[in-house]
Amino acid sequence: MKFKLALAVLIATSSTAAFAGQAEDQQVKFRQSAYSFAAWNCAKIKKQVIESPETFNKEQVIAAANAVAAVANSGLGSLYGAGTDQATGWKKSRLKAEFFEKQDDAKKVAVAFVKESNELAKVAASGDVGAIKTQFGKVAETCKSCHDGFRVKD
Amino acid sequence: MSVTIQVWDLPLRLFHWLLALAVVAAIVTGEVGGNLIDWHGRIGVFIVGLLVFRIIWGFVGSTHARFASFFPTPAKITAYLKGQWQGHGHNPLGALSVFALLGVLATLVGAGLFANDDIAFQGPLFGLVDKALSDRLSGLHALTFNVLAGLLVLHIAAIVFYVRVKKHNLVVPMLTGKVSVPKDRAVSVSKAGVLRFVVALAISGAVVWVISNGAQHFAPAPNAPVAAPSW
């Protein structure tokens, strides 16, 4: 009897341990996926407006810019719950703990990313390659400002 | 009675000032990011070319450009610190700085060639390594930059110290190539010649060409959006 009880306790505690942090890990997984997807779309835009402008395809660039804007507007902030700097998604999160102490700065970079991405979607619709290139650079700067401020260097 | 001798040959001076310009440009473009990151990459490859040239020149250049002529042995450093060093060119402490700067810069640009910024930029040799290694080299690139920044501060502080305290201007000779020394301490220096310069330049240029153009052949498959299906 005692043995069965001990076994039950053991199973209960170990499964609790296994589930602990699962919500955080899931948040990290979602946000890593979101940024990877945005990066894929950014790569397409860069290819077509900067690296090989002769391949420029207006519809594809609009689709890519809309996808980046959709990621930016999806409410990513809710994926930055407490403890997610220590969680592991597809790989260990590189979020700095400072992120949680400097919420105003974090909000600033997040708002800038949303603003510039929305502007990129607008500019993409115009089909003006030069303007798209300039605006693309501004979006990339907002990515960098967050990497510089809130991401641990590997 | 003093005489003027040549310490820095023209290729060495060109190397120095082009490197100074390129490093400043690389720092600015790297800090700003955005679309300037592509220029950061190009400047980095240019710096690789400069370093390759400097290494070759360290073996075939004129006397004071050669590594062997200023290699800082403990005996030389001790003599220098006691005020007994009588040579020309890089003094033993300056030589330490030269090797440190060259080594750190080589690590920095070497790592940068394989780096990525997780935005839309990859170094020209990114395709030769997997993403995880590229991420680690990107980290090394950032870390090494801090070391370089420290060395640059030291480099400039040392120049100011020599001018202010030791009344010894190091900048003018790096522009003119010449220093004035007491006649009894003048030594003749070997010259390098145009042919050696042209060969060194050609090898450096070839390295730059392979890195920037050869990379296309081993880069990962592009995202090929043009051939993408309509959905």
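User: Which residues bring H2(B) and H5(B) together, and what makes them count as being in contact?

Analyst: From H2(B), B:Gly44, B:Ile47, B:Val48, B:Leu51 and B:Arg54 meet B:Leu102, B:Leu105, B:Ala106, B:Val109 and B:Gly112 of H5(B), where a contact requires that two C-beta atoms, placed from the backbone, lie within 7 Å. By class this contact has 7 nonpolar, 2 polar and 1 charged residues, with Ala, Val, Leu, Ile, Met, Phe, Trp, Tyr, Cys and Pro taken as nonpolar, Asp, Glu, Lys and Arg as charged, and the others, Gly among them, as polar. The model is predicted, and local features need pLDDT of at least 70 while side-chain atom pairs count only at pLDDT 80 or more, although totals for chains, interfaces and linings use all residues. Residues are numbered from 1 along each chain as its sequence is written, and chains are lettered from A and ligands numbered from 1 in the order in which they are written.

User: Why are H2(B) and H5(B) called oblique?

Analyst: The axes of H2(B), residues 37-60, and H5(B) come within 10 Å and cross at roughly 140°, with axes being lines fitted to C-alpha atoms, for helices over the stretch in contact, and angles running from 0 to 180 degrees between N-to-C directions. Angles under 35 degrees count as roughly parallel, over 145 as roughly antiparallel, 65 to 115 as roughly perpendicular and the rest as oblique, and H2(B) and H5(B) therefore belong to the oblique class. The crossing of H2(B) past H5(B) is left-handed, a word used if the near helix is turned anticlockwise from the far one by less than a right angle, with right-handed used if clockwise.

User: What makes H5(B) roughly antiparallel to H6(B)?

Analyst: Helix H5 (residues 92-113) and helix H6 (residues 131-164) of chain B have axes that come within 9 Å and cross at roughly 155°. That value makes H5(B) roughly antiparallel to H6(B). H5(B) also passes H6(B) in a left-handed crossing. Among the residues that meet are B:Ala100, B:Leu101 and B:Val104 of H5(B) and B:Leu140, B:Phe145 and B:Leu148 of H6(B). The whole contact divides into 13 nonpolar, 6 polar and no charged residues.

User: How do you know whether B:Asp118 and B:Lys167 are buried, partly exposed or exposed?

Analyst: A residue is buried if 20 or more other C-beta atoms lie within 10 Å of its own, exposed if 12 or fewer, and partly exposed in between, with C-beta atoms placed from the backbone. B:Asp118, in the loop between H5 and H6 of chain B, has 19 C-beta neighbours inside 10 Å and therefore counts as partly exposed. B:Lys167, in the loop between H6 and helix H7 (171-176) of chain B, has 7 such neighbours inside 10 Å and so counts as exposed. Neither is a glycine, yet phi is positive in both, at about 55° for B:Asp118 and near 55° for B:Lys167.

User: What is said of chain B as a whole?

Analyst: Chain B has 8 helices and 2 strands, where helices (H or I, at least four residues) and strands (E, at least two) are DSSP runs numbered from the N terminus. Buried residues make up 26% of its 231 residues.

User: What makes a group of residues in chain A a nonpolar core?

Analyst: A nonpolar core is a set of buried Ala, Val, Leu, Ile, Met, Phe, Trp, Tyr and Cys residues joined through C-beta atoms within 7 Å. The largest such core has 28 residues, and A:Ile45, A:Val61 and A:Phe136 are among those with the most contacts inside it. Two or more residues each come from H2, helix H3 (58-72), helix H5 (103-126) and H6 of chain A. Leaving aside residues up to four places away in sequence, A:Ile45 touches A:Val61, A:Ala64, A:Ala65 and A:Phe136. A second, separate core of 27 residues includes B:Val7, B:Phe46, B:Phe126 and B:Val179.

User: Why is A:Asn57 called partly exposed?

Analyst: A:Asn57 has 14 other C-beta atoms within 10 Å, and is therefore partly exposed. A:Asn57 is found in the loop between H2 and H3 of chain A.

User: Where does chain A touch chain B?

Analyst: In this pairing, 20 residues of chain A are in contact with 18 residues of chain B. Helix H2 (22-51) and helix H6 (129-150) of chain A each supply at least two residues of the side of chain A that touches chain B, and the largest share, 8 residues, comes from H6(A). By class, that side of chain A has 5 nonpolar, 6 polar and 9 charged residues.
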